[in-house]
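Please keep the sequence and the structure at hand while reading.

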Amino acid sequence: MSVRGRQDLEIQGPRLNSTKEEKTSITYGPDRRLDPIIVEEMPLLEVFFIHFPTGLLCGEIRKAYVEFVNVSKCPLTGLKVVSKRPEFFTFGGNTTALTPLSPSASENCSAYKTVVTESASVRTALASVASAADFGIGTGSQPEVIPVPLPDPVLLPGASVQLPLWLRGPDEEGVHEINFLFYYESVKKLPKIRHRILRHTAVICTSRSLNVRATVCRSNSLEDEEGRGGNMLVFVDVENINTSEAGVKEFHIVQVSSSSKHWKLQKSVNLSENKDAKLGSREKGKFCFKAIRCKEEEVATRSSEKYTFADIIFGNEQIVSSASPCADFFYRSLSSELKKVQPSAHTEKQSTEDAVRLIQKCSEVDLNVVILWKAYVVEDSKQLILEGQHHVVLHTVGKEACSYPQKQEPPEMEPLKFFRPENTAVSSRPSAEQLSSLIKTSLHYPESLSHPFHQKSLCLVPVTLLLSNCSKADVDVIVDLRHKATSPESLEVHGSFTWLGQTQYKLRLKSEEMHSLQLKACFVHTGVYNLGTPRVFAKLSDQVTVFETSQQNSMPALIIINNV
């Protein structure tokens with residue numbers, strides 16, 4: 001059984017409140033909410049993704065295409081794409097010189113811009129310069145808003161444009177939803193409606209590939225080929241963490257590049273016969289590179305936003321890291337990394353802040369490492385070659401950085417405190433590690449020496465102590481050659497050798513200055529001795545001795561004395 005009924009809806013417009021009569025009475029105007037508003041025609045955009053993948057390896061670079069079609073009778077302009085994951089895709093650089101050709105036209109069908117090199121240049125870095133503005137990322141810009149580089153800023157009615165789109169698999173494995181929002185405007189500036197948007201969500205499943213860990217340390221070899229100091233050693237560990245669920249046979253590390261405003265990789269230290277490193281499942285490879293400072297005239301002449309790219313290749317083909325898509329994804333990952341770094345607030349006196357900041361800068365390094373690789377995959381009895389890149393951002397000397405996002409454990413819950421906490425002001429005194437980075441020392445001496453002790457009872461060995469000021473300020477240095485015996489074991493190590501001549505030196509080193517001291521070590525019989533006994537103290541010249549600390553040698557300096 002059914003019952004019919006009806007309910008009348010009484011609607012009313014907005015209350016009128018303009019005139020005196022309307023204010024003193026309750027009067028409503030007509031309801032226009034359901035009346036359609038007719039405006040002039042607007043453009044209508046359709047977007048088609050071509051060869052868009054559904055699965056990628058973490059860090060894998062894949063080239064797809066996107067087609068924009070104006071299906072309306074009105075031209076459109078101002079086409080932009082907005083995404084919360086701008087590090088996932090790029091349209092290439094702003095200039096054609098930075099953007100490679102299509103995969104079928106490039107060598108070996110690579111998505112990168114490649115150059116064939118001679119074998120003589122292998123293991124030595126090839127440098128180039130690029131700016132973040134060349135890839136649509138500049139100071140003060142919004143990286144989430146990316147202009148679409150159409151050949152013509154106006155897309156005419158019925159016209160279509162196909163553009164290359166490079167994709168990079170997210171660093172975390174799993175299922176990712178990438179949201180795209182396409183924004184476009186009409187050529188005519190209409191008062192009611194100015195723009196339209198089109199939304200799209202892409203689902204990408206990523207599998208584990210490589211895990212890269214890197215550490216930068218100061219080199220014991222202070223001078224480079226040009227006689228300048230401040231060299232670094234970059235240690236890179238690459239581990240294959242793929243579990244072969246994607247059919248990956250092995251990974252090949254084909255190139256290691258660096259990008260920085262002040263540093264660049266110079267050469268590979270651990271040379272091997274193999275041109276590239278092959279990593280099977282769960283295998284790990286270790287690399288060591290020498291990093292040097294960029295020339296001062298190069299840094300002074302170019303803009304502050306310019307980065308120096310240095311490529312160390314392990315084959316006969318160079319991937320130009322300063323071109324698309326390598327540089328695009330580097331700048332986008334760097335932009336997202338800088339968002340995580342919060343600037344620290346200074347609450348102490350300005351003079352103390354400056355002194356602390358100068359000392360802290362000795363331990364800071366602005367060096368980014370890019371690992372470029374190829375993966376050999378077997379799919380349907382066919383071998384495919386996949387490409388990719390991982391980024392490691394190095395901020396501090398001696399602190400390890402990782403490309404794979406580390407899962408942070410949630411902090412343990414602390415009991416509630418019902419009293420006011422003490423005012424814990426930020427300490428203005430640098431840490432011991434930061435103070436120990438003011439001066440870098442290096443001893444130069446023969447590794448072994450043969451001496452006829454039956455003819456001369458004393459063996460004199462010349463030793464050069466090289467001091468390098470790692471800071472941008474003047475530093476007072478004290479070198480003390482007197483042995484500091486703290487245990488019987490230390491007496492046994494250097495109990496039979498002594499330093500001759502002056503036992504203490506006081507000198508002042510200017511900003512990034514190097515100074516050498518000529519010393520003499522005296523031995524009375526054969527043995528193995530540790531020459532790393534000089535104690536070096538340093539402090540900023542315009543500060544009090546509160547910043548003074550001992551600069552200890554990190555490694556022993558062993559010498560072998562033989563009898564003829």
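## Gln-389 and its surroundings

In this predicted model, the side chains of Gln-389 and Tyr-112 are joined by a polar contact of 2.9 Å. The side chain of Gln-389 also reaches the backbone oxygen of Cys-326, at 3.3 Å. Gln-389 belongs to strand 22, which covers residues 382-396, and with a relative accessibility of 0% this glutamine counts as buried.

Leaving aside residues up to four places away in sequence, Gln-389 touches a set of residues that includes Gly-59, Ile-61, Arg-168, Phe-329, Phe-330 and Trp-373. Tyr-112 and Cys-326 are also among the residues that Gln-389 touches.

## Cysteines

The count of disulfides comes to zero. For Cys-205, the closest cysteine sulfur is that of Cys-58, and because the two sulfur atoms lie 9.3 Å apart, they are too far from each other for a bond, given that a disulfide requires a pair of cysteine sulfur atoms within 2.5 Å.

As for accessibility, Cys-205 counts as partly exposed, at 38% relative accessibility, whereas Cys-470 is buried, with a relative accessible area of 11%.

## A nonpolar surface patch

On the surface, a nonpolar patch is formed by Leu-458, Leu-460, Leu-500 and Val-524, which together have about 330 Å² of accessible area.

Notes: Residues are numbered from 1 along each chain as its sequence is written. This is a predicted model: local features need pLDDT of at least 70, side-chain atom pairs count only at pLDDT 80 or more; totals for chains, interfaces and linings use all residues. Side-chain values use heavy atoms; hydrogens and water are left out. Buried means under 20% relative accessible area, exposed over 50%, partly exposed in between (1.4 Å probe, protein chains only). Patches are made of residues with over 30% relative accessible area and no salt bridge: like charges are joined within 9 Å, nonpolar side chains (Val, Leu, Ile, Met, Phe, Trp, Tyr) within 5 Å. Accessible areas come from the Shrake-Rupley method with a 1.4 Å probe; for residues, only the protein chains shown count as cover. A salt bridge is a side-chain nitrogen of Lys or Arg within 4 Å of a carboxyl oxygen of Asp or Glu. Helices (H or I, at least four residues) and strands (E, at least two) are DSSP runs, numbered from the N terminus. A polar contact is a pair of N or O atoms within 3.5 Å; within protein, one must be able to donate a hydrogen and the other to accept it, and residues adjacent in sequence count only if both atoms are side-chain atoms. Contact means heavy atoms within 4.5 Å.
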